[in-house]
Amino acid sequence: MTRTNRREFLKAAAAGAALLPLPAIAQGAGARVVVVGGGFGGATCARFIKRIDPRINVTLVEANRTFIACPYSNTVIAGLRDLAAQQFGYDKLATDQVAVQFSPATGIDPQRRTVTLGNGTEHAYDRLVLSPGIDIRWSALPGYTETAAERMPHAWRAGEQTLLLRRQLEAMEDGGTVVISAPANPFRCPPGPYERASLIAYYLKTKKPKSKLIILDAKDAFSKQRLFENAWKALYPNLEWVSLSKGGKVTSVDVGAMTLVTDFDRHKADVANVIPPQKGGRIADIAAVADRTGWCPIDPASFESKLQPNIHVIGDASIAGAMPKSAFSANAQAKVCAAAVAKLVAGSTPDEPRLINTCYSLVAPDYGISIEGVYRPADGQIKEVEGTAGVSPLDAPNATRALEATFANDWFKTITTEVFG
Amino acid sequence: MNATRIVGIAAFALILAGHASAAELADAPPGALSCSGCHSTAPAVDTAVPRLIGRNSADIVAAMQAFKTGQPPSTVMERIAKGFSEDEVKAIAAWYGAQKD
């Protein structure tokens, strides 16, 4: 629809609305929304915009036909699950009348409000939602390049990297040393490095008990820390965590020597998992919605960019205040953003939202721990509702840990069904 | 102009006919859509976490009040319940209670 035609259409819709109730919804008819990125944020947002107002034309832009989920992928690395259980397609989005374009977004023109794709097509939008996830900052850790990642996998975007790390662990001799490098904040999935360390330690304990695991950390504190540390003490005596103040920060990697370098030491690894510094996905730079931190400042009620009007950013790429970069957060943000976009294209004001995050980590297959919080906009940011953020009790019985491991699995089934099912 | 108006009315009629859930979704009270991250809206998902759709809203309100007090003990719900006032819980409970599969 051309711009002129659209204006006429909106006028006609408004005229029609005079005869019918719900004029605000009638105004939204024919609006065009493009969503870039088909993960937990983008796929959710596209579907919910369409469900909230079926007359909005929604296009989802995604480079890959198969989505590979990061949550639970640490169980794949530890040999507890097949990668196939992490894979999802987009067929159900098409039946929801979301138009899916399998091509990378290569250009965004905020003035003309268009998105250009790698397949050469151009898509005009009234509102654009970006949910690009993360990109690796390849230059940030000296020596850690895309080539280096073939030898020292990051496995922080699930797929071939996940399988590579698993194969390396399987090929390692009993008695070997696994080294994990954990980055400074902020990064995708704050408890993720420690869940991964736990499950690799579980694999080593059950399959290669003479081996050891060292976490070199660029931080002195991390998510669910005391819960992880208590569990490690009880379950994994061969797991060592080296904090920032104990010299844990990796300052460079030497791939040829399979060595991770810190200010005080050189750590030779048989298997090295480098979780590198990150930033919002590349399209955030192209759209000029990322600030100097590499992440995207947003309005806490609508997730509209503070740098570009009519563009919204959700999920890991956004600066969502107190909300962690998790799949649960991205999904919750996507639904708030969908409701806000539906209101905005209809000419009304988004409601003040309330958001929840719940994140489970597995310390062992039958040992789950959780963190959660409730969030709301305050002072232009997303803040925790006081007294709601917290973690599993430190002194819970085994039955509680087993129950939370069940809930972790339940969560994965529920959320992937909502997003892709 | 007439033709476009007819398109507009037809689209509107489509909503009345087949998409009642659209109006429900548009009216979701703050926080309600976050719940479905764990409490499935899809009947096919079999989990230990109870579904909220179609559940008696008074039961949801009573459960949330109980969670806030810590009795019976819960995992994450005690703190999540504290994030919502009684009126907010009532709105969410009424919204889920009014929906059907």
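Predicted model: local features only at pLDDT ≥ 70, side-chain atom pairs only at ≥ 80, totals over all residues.
**Helix H4 of chain B**

I began on the outward side of H4(B), where B:Ala58, B:Asp59, B:Gln65 and B:Thr69 are exposed. Residues are numbered from 1 along each chain as its sequence is written, and chains are lettered from A and ligands numbered from 1 in the order written.

Next I looked up the buried residues of H4(B): B:Ile60, B:Met64 and B:Phe67. Seen down the helix axis, they fall within an arc of 60 degrees, so they line one face. I took the arc from the directions between the helix axis and the C-beta atoms. These buried residues pack against helix H5 (77-81) and helix H6 (86-98) of chain B. Contact here is C-beta atoms, placed from the backbone, within 7 Å.

H4 (residues 57-69) has 13 residues and reaches 19 Å from first C-alpha to last, close to the 18 Å expected at 1.5 Å a residue. The expected span is 1.5 Å times one less than the number of residues. B:Gly70 follows, with a positive phi near 85 degrees.

**Chain A overall**

I noted eleven helices and 25 strands in chain A. Helices (H or I, at least four residues) and strands (E, at least two) are DSSP runs, numbered from the N terminus. Buried residues make up 54% of the 421 in this chain. The C-alpha trace spans about 75 × 45 × 40 Å along its principal axes.

**The core**

I then turned to the largest nonpolar core, with 152 residues; A:Ile49, A:Leu130 and A:Ile200 touch the most other members. Such a core is a set of buried Ala, Val, Leu, Ile, Met, Phe, Trp, Tyr and Cys residues joined through C-beta atoms within 7 Å. Helix H10 (residues 327-345) of chain A gives the largest share, 14 residues. Domain 1 (31-133 + 281-350) and domain 2 (148-277) of chain A both contribute, so the core lies between them. The domain bounds come from an automatic or database assignment.

**A:Thr106**

I found A:Thr106 in strand S6 (residues 105-109) of chain A. A:Thr106 has 14 C-beta neighbours inside 10 Å, so it counts as partly exposed. Beyond four places in sequence, A:Thr106 contacts A:Thr116, A:Leu117 and A:Gly118.

Note on methods:
Buried ≥ 20, exposed ≤ 12 C-beta atoms within 10 Å, placed from the backbone. Contact = placed C-beta atoms within 7 Å.
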